[in-house]
Amino acid sequence: MELCHQWGIPHSKFRGHGDGVWTDLDRRKALAYAHYLKQVCPQCNTRPEEWDEALGGDEDAYRATTHRCIGCQLIADRQKTVPEGDEGHGVKVGLIPTSVAAALALQHHHR
């Protein structure tokens with residue numbers, strides 16, 4: 001349903017059974033998925049029912065883990081070099097492939 005939601009297509013078409021016309025079942029599935037998404041915490045991606053034993057959940061339903069994203073680490077490191085105040089306002093830090101950075105540097109050098 002996630003892809004159907006992102007692409008705006010009926011589930012029947014995604015499964016190869018439909019012609020792209022939204023059926024009543026497709027609409028019910030889409031509405032149920034939208035309702036589900038509204039209940040998902042935007043930070044941890046869990047729903048209250050998953051934790052609530054009275055609703056069939058389990059207080060130990062998930063475990064917190066850690067992982068390091070090298071891309072996020074590079075962004076955080078570079079963000080530290082952005083100046084404070086007006087000079088740093090609007091400065092965004094992002095990642096581009098090394099080959100693109102090299103081509104841009106070459107282009108800038110030849111100006």
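1. Confidence. In this predicted model, helix α6 (residues 98-109) has the lowest confidence in the protein, at a mean of 92, while helix α5 (residues 70-79) has the highest, at 97. The mean pLDDT of the protein is 95, and 100% of its residues reach 70 or more. pLDDT is the predictor's confidence in each residue, from 0 to 100.

2. Ground rules. Numbering starts from 1 along each chain as its sequence is written, and side-chain values use heavy atoms, without hydrogens or water. Local features need pLDDT of at least 70 and side-chain atom pairs 80 or more, whereas totals for chains, interfaces and linings use all residues.

3. Fold. The protein has 6 helices and 0 strands. Along the sequence the pattern is α-α-α-α-α-α. Helices (H or I, at least four residues) and strands (E, at least two) are DSSP runs, numbered from the N terminus.

4. Overall shape. The radius of gyration is 23 Å, whereas a compact globule of 111 residues would have one near 13 Å. That radius is taken over C-alpha atoms, and the globule rule is 2.2 Å times the number of residues to the power 0.38. Along the principal axes, the C-alpha atoms fill a box of roughly 60 × 45 × 30 Å.

5. Buried residues make up 12% of the 111 residues. Buried means under 20% relative accessible area, exposed over 50%, and partly exposed in between (1.4 Å probe, protein chains only). Among contacts with a separation of 6 or more, 12% join residues 24 or more positions apart. A contact means heavy atoms within 4.5 Å.

6. Trp22. This residue sits in the loop between α2 (11-14) and α3. Trp22 counts as partly exposed because its relative accessibility is 34%. Leaving out residues up to four places away in sequence, Trp22 touches Gly8, Ile9, Pro10, Arg27 and Ala30. Ser12 is 10 residues from Trp22 in sequence and 8.0 Å away, C-alpha to C-alpha.

7. Asn45. Look at the loop between α3 (24-39) and α4 (48-51), where Asn45 lies. Asn45 is not a glycine, yet has a positive phi of about 65°. Asn45 counts as exposed because its relative accessibility is 53%.

8. Pocket lining. The residues lining the largest pocket include Leu74, Ile75, Arg78, Lys92 and Gly94. The lining divides into 7 nonpolar, 2 polar and 2 charged residues. Here Ala, Val, Leu, Ile, Met, Phe, Trp, Tyr, Cys and Pro count as nonpolar, Asp, Glu, Lys and Arg as charged, and the others, Gly among them, as polar. A pocket is an open set of points on a 1 Å grid over the protein atoms alone, where a 1.4 Å probe fits, with protein on both sides within 12 Å along at least five of seven lines; lining residues have an atom within 4 Å of a point.
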